[in-house]
Amino acid sequence: GIKVLLHQEYLRSQFQPLALLAGKAADQGLAGVAGARVGPGELGLLDRGFFNGAVLRDIHQRGGYFLIPWPRSVTVWEVPPEGPAARVELAQRLRHQEGNWLELTGMRLGQGEGALDEVRVLAYRLREETANRRRAALREKCRTYGRQPKAEALELAGWEILLTNVPAEKLPRAVAGHLYRVRWQIELVFKQLKSVLRLDEVPSGKEHRMQCKVWARSIAGVM
């Protein structure tokens, strides 16, 4: 199969292909390509697989913004005015959360030179049926490896957790949750590419050969 990297400019309803790669290519290696499209004053709605601290820091430093799901492998730290940073155990914090959302501001992601400061962590409780579906999928995945899911993982499966550097006055918590759903429009495009043009059946190979096959199927689809 192949992997197509698309850039969507939502306000203009435009799509632009950025890369055409073999199906097994890692998303994280493409984070720099996706992040470079976010200019000053612009907001990038990025997939979890594109999380890269250095890329997000570059976006922030040039005056851009990001909104991306939290990868569980990335630690979250609370930075007090004085004293050392304290790690935030999100699963434990959410387990005792009474409402349907949690917002943490001024957080640090990671530690050391790759740390990313002044990040907002936005957590939204999922509907019960959605949470149960995620937990069932998690249990099935763990079952195939002969183990049981941890309580922390089951708790986190009931929440959608987003990270952003946009100030609250520019992007309120409630708006951020709805805004990220815009990114799913590009998933609908990929679904059409697979079902109509069957691009998921294009075999991997040399870049130019793959491009010819993709363009040929695209032209045939339009005709």
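Me: What does helix α4 span from its first C-alpha to its last?
Reply: The model is predicted. Helix α4 covers residues 128-144, 17 residues in total. At 1.5 Å a residue the expected value is 24 Å, and the helix comes close to that, reaching 25 Å.

Me: Which residues of α4 are buried, and what arc do they cover around the axis?
Reply: The cut-off for buried is under 20% relative accessible area. T130, A131 and C142 are the buried residues of α4. They lie on the same side of α4, because around the axis they cover an arc of only 105°.

Me: Which exposed residues does the opposite face of α4 carry?
Reply: Exposed requires over 50% relative accessible area. On the face turned away from the buried side of α4, the exposed residues are R133, R143 and T144.

Me: Is L156 buried or exposed?
Reply: L156 sits in helix α5, residues 151-156. Beyond its neighbours within four places in sequence, L156 contacts W70, R72, L90, A91, L94 and I161. Its relative accessible area is 10%, and the cut-off is under 20%, so L156 is buried.

Me: Which element gives the largest share of the lining of the second largest pocket?
Reply: This pocket holds about 660 Å³ of space and is lined by 22 residues. β8, α4, β9 and α6 each supply at least two residues of that lining. The largest share is four residues, and it comes from α6.

Me: How many charged residues are in that lining?
Reply: By class, the lining of the second largest pocket has eight nonpolar and four polar residues. The charged residues there number 10.

How values were computed. Residues are numbered from 1 along each chain as its sequence is written. This is a predicted model: local features need pLDDT of at least 70, side-chain atom pairs count only at pLDDT 80 or more; totals for chains, interfaces and linings use all residues. Side-chain values use heavy atoms; hydrogens and water are left out. The expected span of a helix is 1.5 Å times one less than its number of residues. Buried means under 20% relative accessible area, exposed over 50%, partly exposed in between (1.4 Å probe, protein chains only). The arc is that of the directions from the helix axis to the C-beta atoms. Contact means heavy atoms within 4.5 Å. On a 1 Å grid over the protein atoms alone, a cavity is a set of points where a 1.4 Å probe fits but cannot get out, and a pocket is an open set with protein on both sides within 12 Å along at least five of seven lines; lining residues have an atom within 4 Å of a point. Grid points are joined across faces, edges and corners, and a volume is the space filled by probe spheres set on the points. Ala, Val, Leu, Ile, Met, Phe, Trp, Tyr, Cys and Pro count as nonpolar, Asp, Glu, Lys and Arg as charged, and the others, Gly among them, as polar.
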